[in-house]
Amino acid sequence: MDLSGRVAMVTGGGRGLGRAYAQALAAAGAAVVVNDADADSAREVAEKISAAGGGPAVAEPGAVGPTEVAERLVDRAVTEYGRLDVVVTNAGILRDRMVWRMSDEEFDAVVDVHLRGTFTCVRAAVRRMREQASGGRVIAVGSPAGQRGNVGQTNYSAAKAAIVGMVRTWSMECARDDITVNAVIPVAATAMTATIPAFEPYVTAWRDHGTPLPEWLRAGEGFGTAEDAAGLVVFLASAQSDGVTGQAIGIGGDKLALWSHPTEVVAAYCDGGWSADAIAEGWPAFAAQAQAVGIPPPRVPPS
Ligand SMILES: NC(=O)c1ccc[n+]([C@@H]2O[C@H](COP(=O)([O-])OP(=O)(O)OC[C@H]3O[C@@H](n4cnc5c(N)ncnc54)[C@H](O)[C@@H]3O)[C@@H](O)[C@H]2O)c1
């Protein structure tokens with residue numbers, strides 16, 4: 001894939017998946033603006049990219065969420081490299097808690113970074129892309145927790161589901177400007193997932209000793225390294241993904257997956273409308289199609 005001449009910005013690019021996306025985009029030839037709330041890690045990644053000799057990179061630290069930060073990132077791409085072609089809204093945090101214990105601050109913190117941060121960065125980027133009138137690529141980041149729900153993640157699953165909701169809407173709004181909009185649904189061993197109990201020993205062995213992640217994780221669970229997820233971002237940033245828009249695409253370990261969008265699974269009609277009694281009577285036909293929720297638990301192999 002050749003992304004030379006293209007300019008990308010990656011939020012939360014200082015570590016984990018964001019770092020892998022920034023490095024892979026640069027390795028394919030794109031110039032990259034590396035953002036992170038942690039200024040040191042953003043600078044370190046930009047320096048590493050420059051040293052590796054791929055596309056050039058600069059760090060533009062800042063906590064995404066507010067409009068001013070989003071506009072600063074886009075401005076930096078334009079002043080540094082003259083344009084912006086690709087935006088990857090990857091920055092994220094967790095503040096897990098059961099709903100009855102979750103504070104307003106925990107809810108707002110997660111929604112601000114993920115949902116508002118995605119909205120403000122994409123809005124600023126799309127404004128610039130429309131001015132350039134040469135298309136563009138929006139790559140947002142969802143999560144299996146947003147697609148299916150996850151215990152302890154009211155704030156996170158709400159924000160991630162909403163991001164995919166925005167992606168559907170934006171793909172329609174941006175189509176005539178030739179700007180594609182997709183969501184990546186990644187699964188990877190990062191600081192964010194290192195504490196999942198079933199995965200922890202394997203992630204620790206991989207991180208501390210380089211022990212490869214086992215087959216049941218890579219192929220079975222679709223759980224691999226951050227670098228495993230980066231190919232999808234490069235593909236979506238490239239000309240090869242022309243016409244791919246409005247999709248939620250899963251990536252992790254050895255697995256690539258296309259997610260469905262919500263759709264009616266059964267519908268029935270009642271002359272004059274449905275009373276509560278009529279619904280109770282008709283419900284068995286719907287109950288047979290009731291939808292499961294939650295991320296399926298890992299199928300840990302017998303030891
Ligand atoms: N790791 C997974 O399996 C997984 C699964 C689904 C979704 N995701 C999503 O992928 C993205 C990256 O996750 P990760 O696992 O690499 O996490 P991570 O914690 O390793 O990295 C997140 C990065 O975002 C930065 N960040 C946090 N708040 C920020 C802000 N306001 N502005 C700018 N930077 C900020 C952090 O400093 C950090 O460098 C997140 O959106 C996450 O929700 C990850």
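**Ligand shell and helix packing**

Me: How do the residues of the shell around the ligand divide into nonpolar, polar and charged?
Reply: The shell has 15 nonpolar residues, 11 polar ones and three charged ones. Keep in mind that this is a predicted model.

Me: OK. Which residues come nearest to the ligand?
Reply: Arg-15, Asp-36, Val-64, Tyr-156 and Thr-190. They belong to a set of 29 residues around the ligand.

Me: Which residue has a polar atom 3.0 Å from a nitrogen atom of the ligand?
Reply: Ala-37. There the polar atom belongs to the backbone.

Me: How much of the ligand's accessible area does the protein cover?
Reply: 93%. On its own, the ligand has 830 Å² of accessible area.

Me: Switching to secondary structure. Which helices each supply at least two residues of the shell?
Reply: H1, H4 and H6. H1 spans 16-27, H4 spans 104-132 and H6 spans 154-173.

Me: Take H4 and H6. Where do their axes stand, in distance and angle?
Reply: The two axes come within 8 Å. They cross at roughly 15°.

Me: Why call H4 and H6 roughly parallel?
Reply: Angles under 35 degrees count as roughly parallel. The H4 and H6 axes cross at roughly 15°, so the two helices are roughly parallel to each other.

Me: Is their crossing left-handed or right-handed?
Reply: H4 and H6 cross right-handed.

Me: Now H1 and H2. What are the numbers for their axes?
Reply: The axes of H1 and H2 come within 10 Å, with a crossing angle of roughly 25°. That makes H1 roughly parallel to H2. H2 covers residues 39-52.

Me: And which hand does that crossing have?
Reply: H1 passes H2 in a right-handed crossing.

Note on methods: Residues are numbered from 1 along each chain as its sequence is written. This is a predicted model: local features need pLDDT of at least 70, side-chain atom pairs count only at pLDDT 80 or more; totals for chains, interfaces and linings use all residues. Side-chain values use heavy atoms; hydrogens and water are left out. A residue is near a molecule or strand if one of its heavy atoms lies within 4 Å of it. A polar contact is a pair of N or O atoms within 3.5 Å; within protein, one must be able to donate a hydrogen and the other to accept it, and residues adjacent in sequence count only if both atoms are side-chain atoms. Accessible areas come from the Shrake-Rupley method with a 1.4 Å probe; for residues, only the protein chains shown count as cover. Helices (H or I, at least four residues) and strands (E, at least two) are DSSP runs, numbered from the N terminus. Ala, Val, Leu, Ile, Met, Phe, Trp, Tyr, Cys and Pro count as nonpolar, Asp, Glu, Lys and Arg as charged, and the others, Gly among them, as polar. Axes are lines fitted to C-alpha atoms, for helices over the stretch in contact, and angles run from 0 to 180 degrees between N-to-C directions. Angles under 35 degrees count as roughly parallel, over 145 as roughly antiparallel, 65 to 115 as roughly perpendicular and the rest as oblique. A crossing is left-handed if the near helix is turned anticlockwise from the far one by less than a right angle, and right-handed if clockwise.
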